[in-house]
Amino acid sequence: MKVSDYILQRLREWEVDHVFAYAGDGINGLLAAWGRAGDEPRFVQSRHEEMSAFQAVGYAKFSGKVGVCAATSGPGAIHLLNGLYDAKLDHVPVVALVGQTDRSAMGGSYQQEVDLQSLYKDVASDFCETATVPEQLPNLIDRAFRTAYARRTVTAVIIPADVQELDYSPPTHAFKMVPSSMGLGRYAPVPADADVQRAAEVLNAGEKVAVLIGQGARNARAEVEELADVLGAGVAKALLGKDVLPDDLPYVTGAIGLLGTRPSYELMRDCDTLLMIGSSFPYTQFMPELDQARGVQIDIDPHMIGLRYPFEVNLVGDARETLRRLLPHLRRKEERAWREKIEKDVARWWEVMQRRAAVDADPVNPEYVVHALDGRLPDDAIVTADSGSAANWYARHLRLRGRMRGSLSGTLATMGPGVPYAIGAKFAHPDRPAIALVGDGAMQMNGMMEMVTAAKYRQRWSDPRLIVAVLNNRDLNQVTWEMRAMSGAPQFEESQHIPDLPYAEIAQRIGLDGVRVEKPEQVEAAWDRALAADRPFVVDFRTDPAVPPIPPHASLDQIEAAASAIAQGDSDRGSMVRQGLKAKVQEMLPGTRHRDDRPGAGADDSAEGRS
């Protein structure tokens, strides 16, 4: 058995089913071992190492297991970095196996020699080691996995090419040998009883309690629901926690922040007590004023506790176990006026979203595209969104409920993970449909080529549906609007305009399917066709770049900056004014009559009603 054979064996013992990777001579020994091992664990070939890392992140996010990626030395290792940073910043466990030049060439300015220890010392700061002799294994592999799981982070094992070819010999019972053992013990840390009691006193004293949850509360859904009921609280969600609590609960105010909802903004603006669970939401300006609310935070990581707000009590512990200890100390709030206001605000918000989706645009309103998907989402759907304006509509128009899952690049907010996340999700759950909402910029950056990966592996998925919705507005739209709203600068066409590609036609040429949508009345039929497809499907939605993705609670400074951009001659200023006014008017209208809120239902969703 060679070192490379042993590495794959150890991966199997860690129950690794897939390694997302791309070939190169720096990992030739591993590739040969894969051949001898009958492709176990399965080698999943992307079109680019960055996509392999993104796929590993998507797999980890939706499976709950460590994602594993592999790449060759030099350029391959460099290409992994963006995806690995995405994992690190979103606290996702990923292990990278990276090749290196032969030990005899190291330090000799050899071809593709890069100082990988220095290159990876930040992204894999918790564990990054180089194997120089066989006896270092299995310890390096085991520690990489244990650290990734325990600290929810990125780890790396660097394996020089000649080490991969050595005969494997295990560590012995001898001086300076380090044996190892398999597995990670399960544990759920809890805070001290005195801290729990102090937290209960703060929450019991509050009259207007707001809860902010993130992905760290995912295993505590039932406990969060019980707490919200007892305290009469509203619950806002950081984007990485969008699937933690169902959006159809009447007190769930939805996303918070730049991409958030008005009910979440008002929940934070008006509360007198804040409880934050499992989130490192970074935008303090969207939280209560610093002297407004008493605060309690629950987080499993003491390094991340007390980071965003002057919390009065910090509870370090697992969200579910901590809430189970906290709940018996909480008193039910009999006065429900605060809760009733929240529920009224949420109900009106969804009416506003329906009206905004119905606004006419040229040619198609992107809000209508995503709103039409909302009622059509399969119960077991996995939804990914790319960075950009697509993330706005994902945050505001999709109601994730039941078993639905969703994610995007949260803290790094990098372009390009939408499609590879969905591919990673398909390998984690081949029996569930995956839907990616991406802008045309991200699709051109790398999403289109990853449809080749989908075509390569689609026969291995029992549910063949991988749907990519391209919001094709020929503009790098989020940056365009940020320039207008943040800088008062008009659109700089040389940087913002991008070519119009036939995305659906390209998908058909590689054996997939797709359709181009250029009229509002085609939207719902396109979604129905995609959701009934027997293979991956691309929907090319021609959307209007003038529909504003700015927050519904935009500040006066942002409005003045956008007006300045118009005054300076923005090339799209006529449409900007028209669409911005139309969107804003929908928020100013009073509550409307009850109606069927499903896309496609009632006169308000007819072609004539979208004006």
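Serine 389 counts as buried, because its relative accessibility is 11%, below the 20% cut-off. Keep in mind that this is a predicted model.

**Around serine 389**
- You'll find serine 389 in helix α14, which covers residues 389-397.
- Setting aside neighbours within four places in sequence, serine 389 touches Asn473, Asn477, Gln478 and Pro549.

- Thirteen residues, written as 13 in the count, line the second largest cavity, and Thr253, Gly254, Thr261, Trp349 and Trp350 sit nearest its centre.
- Two or more lining residues come from each of β9 (252-255), α12 (337-357) and α14.
- Strand β9 is the top contributor to the lining of the second largest cavity, giving four residues.
- Sorted by class, that lining has seven nonpolar residues, plus three polar and three charged ones.

**Helix α11**
- Helix α11 runs over residues 319-326, and its buried residues are Ala319, Glu321, Thr322, Leu323 and Leu326.
- What do the buried residues of α11 pack against? Their partners are the helices α8 (193-205) and α9 (221-231), along with the strands β10 (273-277), β11 (294-299) and β12 (313-316).
- Aspartate 318 caps the N-terminal end of α11, with a side-chain oxygen 3.2 Å from the backbone nitrogen of arginine 320.

**Cysteines**
- The structure has zero disulfides.
- Cysteine 69 is buried, at a relative accessible area of 0%, and cysteine 271 is buried too, at 2%.

- The bond from leucine 137 to proline 138 is cis, with omega near 15°, and proline 138 lies in the loop between β5 (128-130) and α6 (139-151).
- Aspartate 362 and proline 363 are also joined by a cis peptide bond, with omega about 0°; proline 363 belongs to the loop between α12 and α13 (366-374).
- Alanine 413 has a positive phi, near 50°, in the loop between β14 (405-407) and α15 (418-428). Alanine 413 is partly exposed, with a relative accessible area of 43%.
- Arginine 474 has a positive phi as well, near 60°, and lies in the loop between β16 (466-472) and α17 (477-487).

Technical notes. Residues are numbered from 1 along each chain as its sequence is written. This is a predicted model: local features need pLDDT of at least 70, side-chain atom pairs count only at pLDDT 80 or more; totals for chains, interfaces and linings use all residues. Side-chain values use heavy atoms; hydrogens and water are left out. Buried means under 20% relative accessible area, exposed over 50%, partly exposed in between (1.4 Å probe, protein chains only). Contact means heavy atoms within 4.5 Å. A polar contact is a pair of N or O atoms within 3.5 Å; within protein, one must be able to donate a hydrogen and the other to accept it, and residues adjacent in sequence count only if both atoms are side-chain atoms. On a 1 Å grid over the protein atoms alone, a cavity is a set of points where a 1.4 Å probe fits but cannot get out, and a pocket is an open set with protein on both sides within 12 Å along at least five of seven lines; lining residues have an atom within 4 Å of a point. Ala, Val, Leu, Ile, Met, Phe, Trp, Tyr, Cys and Pro count as nonpolar, Asp, Glu, Lys and Arg as charged, and the others, Gly among them, as polar. A disulfide is a pair of cysteine sulfur atoms within 2.5 Å.
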